[in-house]
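Subject: Structure for you to look at

Hello,

Here is the structure I said I would pass on. Please open it first, then read the notes below alongside it.

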Amino acid sequence: MTSTIAVFGAGPGLGQAVARRYASEGWRVVLVARHRDHLDQLAKEIGENAHVFTADMADTETVPALARQIRGAVGDLDAIYYGVGVGAFVPAADLAREHVENCLPVSVYSLLALVREFLPAMLERGRGAILSAQGASAVRGMPHRSGPGPAIAAQRNYLESLEREVADRNVYIGRLYIGAAITGSAWHASYEQARANGTATYEVAIVEADQLAEQLWTMHANAGPAETTYPDPLFQR
């Protein structure tokens, strides 16, 4: 029986790498992102095991309808990958309420809604996985790099609590926190520009998306440690 993963945040970069990694293992892959063009291209690459849905995860109210569409196409999910990114970095001294509020629907509310939709079937079957990948600011506050951090830290707290509730029911809750610039990402481009200008105030590792996707797959396939940081230990300023 073919297993199915939904990749929420299947945009260029890590989301697409995760989709390709699971597809390489014979998984059926549901691709979800805001823009269809790159989804159709990725689905063509994956083949008949790919299903495409467009959705804006900032609109939590649409999650139940999206879940019904997904179940109608592929049935209940065996795994969820949630890697939807939010917001730009803001110095903590400049952080305002609206910055955090703008991040919460994507980082917390829509993930909660998805878990409520798909976790019950996982628990009933006695197998499943909820996976996430976010920036290291969920784990460690860093100067001039606040903004998304408080919201994804809340997501991390929620997933850690969930993991401790469902681990003995064979549902794996895996979290990957990345203190590195992913090659080709906007952060990578801005970091390289800052280095070229001599304005970079920190050193950061550079990593390929495929390497992170492999790490997430290994965590899940081996039911390894529920939380991993890359690099380990996280970079220091």
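In these notes, two residues are in contact when they have heavy atoms within 4.5 Å of each other. Please also keep in mind that this is a predicted model.

**Arg34**

With that definition, Arg34 touches Thr54, Ala55 and Asp56, leaving aside residues up to four places away in sequence. Arg34 sits in the loop that links β2 (28-33) to α2 (36-46). Is Arg34 buried or exposed? Its relative accessibility is 57%, and the cut-off for exposed is over 50%, so Arg34 counts as exposed. Ile5 is 29 residues from Arg34 along the chain, and the C-alpha atoms of the two are separated by 18 Å.

**The sheet**

Strands of a sheet pair through backbone hydrogen bonds, and the pairing can be parallel or antiparallel. This model has an open sheet of seven strands with parallel pairing, in the order β3-β2-β1-β4-β5-β6-β9. Which strands stand at the edges? They are β3 (50-54) and β9 (227-230); each has a single partner strand, so one side of each has no neighbour in the sheet. On average, neighbouring strands are turned by 15° against each other, with direction ignored.

At the β9 end, the pairing with β6 (residues 171-178) is parallel and runs over four bridges. There, Leu176 is opposite Thr228 of β9.

**Helices on the sheet**

Helix α1 lies across β1 (4-8), β2, β4 (79-82), β5 (128-135) and β6, and runs at about 170° to β1. Helix α4 (residues 97-125) also packs on the sheet, where it touches β1, β4, β5 and β6. The direction of α4 makes about 170° with that of β4.

**α1 against α7**

Two packed helices are described by the angle between their axes and by the distance between those axes. For α1 (residues 14-24) and α7 (residues 209-221), the angle is about 50° and the axes are 8 Å apart. That angle makes α1 oblique to α7. The crossing of these two helices is right-handed.

Which residues make the contact? From α1 they are Leu14, Ala17, Val18, Arg21 and Tyr22. From α7 they are Ala209, Asp210, Leu212, Ala213, Glu214, Leu216, Trp217 and His220. By type, the residues of this contact are nine nonpolar, one polar and three charged.

Regards

Technical notes. Residues numbered from 1 in each chain as written. Predicted model: local features only at pLDDT ≥ 70, side-chain atom pairs only at ≥ 80, totals over all residues. Heavy atoms only, no water. Buried < 20%, exposed > 50% of the residue type's maximum accessible area, 1.4 Å probe, protein only. Axes fitted to C-alpha atoms, helices over the stretch in contact; angles between N-to-C directions. Parallel < 35°, antiparallel > 145°, perpendicular 65-115°, else oblique. Left-handed = near helix turned anticlockwise from the far one by under 90°. Nonpolar A, V, L, I, M, F, W, Y, C, P; charged D, E, K, R; others polar. Pairing = 2+ DSSP bridges.
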